[in-house]
Amino acid sequence: MTAIRTVEMHTGGEPVRIVVSGAPEVTGADILAKRRDARDRLDHVRRLLMFEPRGHADMYGAWLVRPSLPGADLAVLFMHNEGYSTMCGHAVIALGRYAVDRGLVAASEPVTVVRIECPCGLVEASVAVKDGRAGAVSFESVPSFLAARDLSVTVPGLGEVVVDVAYGGAFYALVSDARLGLDIRQSPLRAIVDAGEAVAQAVAATGVAVHPEDADLSFIYGTIVTDGGDGKAAPSRNICIFAGRQVDRSPTGSGVTARMAAMVARGEAGLSEMRSFESLTGALFTGAAIRAGAMAGRATVSVRVAGEAHYCGEAVFEHEPGDAIGAGFHIG
């Protein structure tokens, strides 16, 4: 039996299962090649750790691999019940703290910078450090942008729905609960999930999610259902439905990035304006667009997102020979 060791964390209630040893080596010239290798050759590891009986339908993991970018302190593949994310803010927040606490980078007070190579690019996390221990973490996103404004799509069971599509390391459909005929604080979660998944599928069919630099990033990752607020006077609640009906317990770091990119593009927020976002657990992330830029002629912003992660424990997982069910199963 091969033992895979993990450190268990959560960010705002969203799990982060960090694979620290025992998994086979992922190969590839760059991080996207490693992502393809994990998907095509080593997907049994994801199924073992994300699926039941060791995981569950909403489990999330971070598989540490060898960095390929100069200056990267660590590199990571993000994984979940459906496959491999291109970006994950809640995991970056957890990994920033983990890297400092476990000595992957030398701690420096009051802030230690951790450079994390993600499939979407190099993400720089700033970790608050006091008495040698890591605390709150913020990170600067990759260049992010509004891909489609007021896009009308036909959604089965809902009719015509108007959404924005924005990129924050992954592409999201952004839609208020009112446009779905729902109330994010009162409607059953199942109804919100059903609507969010239907919207994601309808938007994906339009082909609007096109990254100007890499086709591997060109897909709709999920839907962010919001309360319609802007996070200025009070936190704006949102629920992220991604990866085939998975529900993020955190405010979603890449989703906050996408929301800020959309708000700046729509003139609803300016550079350096801090906004606050709340998840269904009550966890809070803050976000602010800190710099404008351009990518292939498209206006972009870099967004700083901040939150907190906490430890849950450590685990050793094994797969007994002959246990077909124990290789991982997913119901639903």
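Which residue stands opposite I224 in strand 13? The answer is C240, and the views below set out its surroundings in a predicted model, where local features need pLDDT of at least 70, side-chain atom pairs count only at pLDDT 80 or more, and totals for chains, interfaces and linings use all residues. Residues are numbered from 1 along each chain as its sequence is written, and side-chain values use heavy atoms, with hydrogens and water left out.

**View 1. Strand 13 and its partners.** Strand 13 spans residues 236-242, where strands (E, at least two residues) and helices (H or I, at least four) are DSSP runs numbered from the N terminus. Strand 12 and strand 13 run antiparallel and are joined by five bridges, two strands being paired if DSSP finds at least two bridges between them. Strand 15 (residues 275-278) pairs with strand 13 in the parallel sense over two bridges, and R237 has E278 of strand 15 as its bridge partner. Strand 14 (residues 246-247) runs antiparallel to strand 13, with V247 as the bridge partner of I241.

**View 2. The two sides of strand 13.** In a regular strand the side chains alternate between the two faces of the sheet. Here S236, N238, C240 and F242 point one way, whereas R237, I239 and I241 point the other way, and all are buried, meaning under 20% relative accessible area, with exposed over 50% and partly exposed in between (1.4 Å probe, protein chains only).

**View 3. Aromatic pairs.** The structure holds six aromatic pairs, defined for rings of Phe, Tyr and Trp (its six-membered ring) with centres within 6.5 Å, and called stacked with planes under 30 degrees apart, edge-to-face over 60 and tilted for the rest. The pair of Y167 and F171 is tilted, because the ring centres lie 4.8 Å apart and the planes stand at 50°, and both residues are buried. Y172 and Y221 form an edge-to-face pair, at 5.8 Å centre to centre and 65° between the planes. Since Y172 lies in strand 11 (residues 171-176) and Y221 in strand 12 (residues 220-226), this pair ties together parts that are 49 residues apart in sequence. Ring pairs also link Y60, Y172, Y221 and F242 into a cluster.

**View 4. The surroundings of H211.** H211, found in the loop between helix 4 (189-204) and strand 12, counts as buried at 9% relative accessibility. Not counting residues up to four places away in sequence, H211 touches F145, Y167, F171, L217, S218 and M295, contact meaning heavy atoms within 4.5 Å.
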